[in-house]
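Visitor: I would like to learn how to read side-chain features from a model. Can we take them one at a time?

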Amino acid sequence: MSESTRHWYLVYCKPKSEYIARDNLTRQGYQVYLPLLSGYKKRARKLFQTVEPLFSRYLFIQLDTEADNWSPIRSTLGVANIVRFGSTPATVPPGIVAELKARENNQDSHRFIDLVNLRKGDEVRINAGAMAGYTGQFLQQNSQDRVIVLLNIMEQQSRVSLPVDAIGSIH
């Protein structure tokens with residue numbers, strides 16, 4: 001099996017079936033990659049940590065054009081089809097999956113804050129919004145979904161109210 005005949009392709013999944021498709025394809029011996037994005041969602045006025053597919057209804061599958069049997073893929077539970085351009089399966093450009101994996105492993109924004117264990121003065125990183133990239137000190141949680149962070153901006157300390165999902169841990 002030559003490495004030059006192995007390419008990544010896109011699998012189009014049935015609605016909300018990315019995990020099912022991934023698990024079933026993996027059980028059949030296929031190499032599959034489902035990039036995930038972690039974040040927060042608000043339900044019933046409370047924030048919940050979530051992990052969802054980065055690309056809704058899509059996952060990547062690595063196949064050998066000469067050796068792999070493609071026929072079971074379409075009938076796999078959770079799979080709708082392989083993405084095609086005409087009758088030819090669409091090849092994912094080289095390096096895309098490697099780049100996604102590299103970003104997934106290096107993103108500090110995937111470290112979540114446990115507000116129960118967060119103490120006044122703890123250092124936090126802002127991951128979203130206009131202040132993204134800044135670090136500051138946690139002061140307090142002022143509502144169910146907002147916190148107050150002390151930032152050093154232009155050599156002045158400023159209190160900033162931010163959504164809970166905009167901050168992440170430093171460590």
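Visitor: Is arginine 6 buried or exposed?

Guide: Arginine 6 is buried, at a relative accessible area of 16%. Buried means under 20% relative accessible area, exposed means over 50%, and partly exposed lies in between (1.4 Å probe, protein chains only). This is a predicted model, where local features need pLDDT of at least 70 and side-chain atom pairs count only at pLDDT 80 or more, while totals for chains, interfaces and linings use all residues. Residues are numbered from 1 along each chain as its sequence is written, and side-chain values use heavy atoms, with hydrogens and water left out.

Visitor: Which residue forms a salt bridge with arginine 6?

Guide: Side chains of opposite charge can pair when their charged atoms come close. A salt bridge here is a side-chain nitrogen of Lys or Arg within 4 Å of a carboxyl oxygen of Asp or Glu. The partner of arginine 6 is aspartate 68, with the closest N and O atoms 3.7 Å apart. Arginine 6 is in strand β1 and aspartate 68 is in the loop between β5 and α2 (71–74), so this pair ties together parts 62 residues apart in sequence. Helices (H or I, at least four residues) and strands (E, at least two) are DSSP runs, numbered from the N terminus. Aspartate 68 is partly exposed, with a relative accessible area of 25%.

Visitor: How many salt bridges does the rule give?

Guide: The count is two. One of them joins aspartate 23 and arginine 22, whose closest N and O atoms are 3.2 Å apart. Aspartate 23 is partly exposed at 33% relative accessible area, and arginine 22 is partly exposed at 24%.

Visitor: Which residues of helix α1 are buried?

Guide: In α1 (residues 18–27), the buried residues are Glu18, Ala21, Asn24 and Leu25. These four cover an arc of only 140° around the axis, which puts them on the same side of α1. The arc is taken from the directions from the helix axis to the C-beta atoms. After α1 comes glycine 29, with a positive phi near 95°.

Visitor: Which value does phi take in lysine 16?

Guide: Most residues other than glycine have a negative phi, and most peptide bonds are trans. Lysine 16 has a positive phi, near 55°. Lysine 16 sits in the loop between β1 and α1 and counts as exposed at 78% relative accessibility. Arginine 57 is not a glycine either, yet has a positive phi of about 75°. Arginine 57 belongs to the loop between β4 (46–53) and β5, and at 24% relative accessibility counts as partly exposed.

Visitor: How many aromatic pairs does the structure hold?

Guide: A pair of aromatic rings is described by the distance of the centres and the angle of the planes. Rings of Phe, Tyr and Trp (its six-membered ring) pair if their centres lie within 6.5 Å; planes under 30 degrees apart count as stacked, over 60 as edge-to-face and the rest as tilted. The structure holds four such pairs. One of them joins tyrosine 12 and tyrosine 58, and is tilted at 5.1 Å centre to centre with 55° between the planes.

Visitor: Why does the pair of tyrosine 12 and tyrosine 58 tie together parts that are 46 residues apart in sequence?

Guide: Tyrosine 12 lies in strand β1 (residues 6–13) and tyrosine 58 in strand β5 (residues 58–64), so the pair ties together parts 46 residues apart. Tyrosine 12 is partly exposed at 26%; tyrosine 58 is partly exposed at 31%. The rings of phenylalanine 55 and phenylalanine 60 have centres 6.2 Å apart and planes at 80°, so that pair is edge-to-face. Phenylalanine 60 is buried at 4%, whereas phenylalanine 55 is partly exposed at 35%. Ring pairs link Phe55, Phe60 and Tyr33 into a cluster.

Visitor: Which residue lies over the face of tyrosine 33?

Guide: That is lysine 101, at 5.1 Å from the ring centre. A charge sits over a ring if NZ of Lys or CZ of Arg is within 6 Å of the ring centre and within 35 degrees of the ring normal.

Visitor: Where is proline 35, and is proline 35 buried or exposed?

Guide: Proline 35 is in the loop between β2 (31–33) and β3. Proline 35 counts as buried, at 2% relative accessibility.
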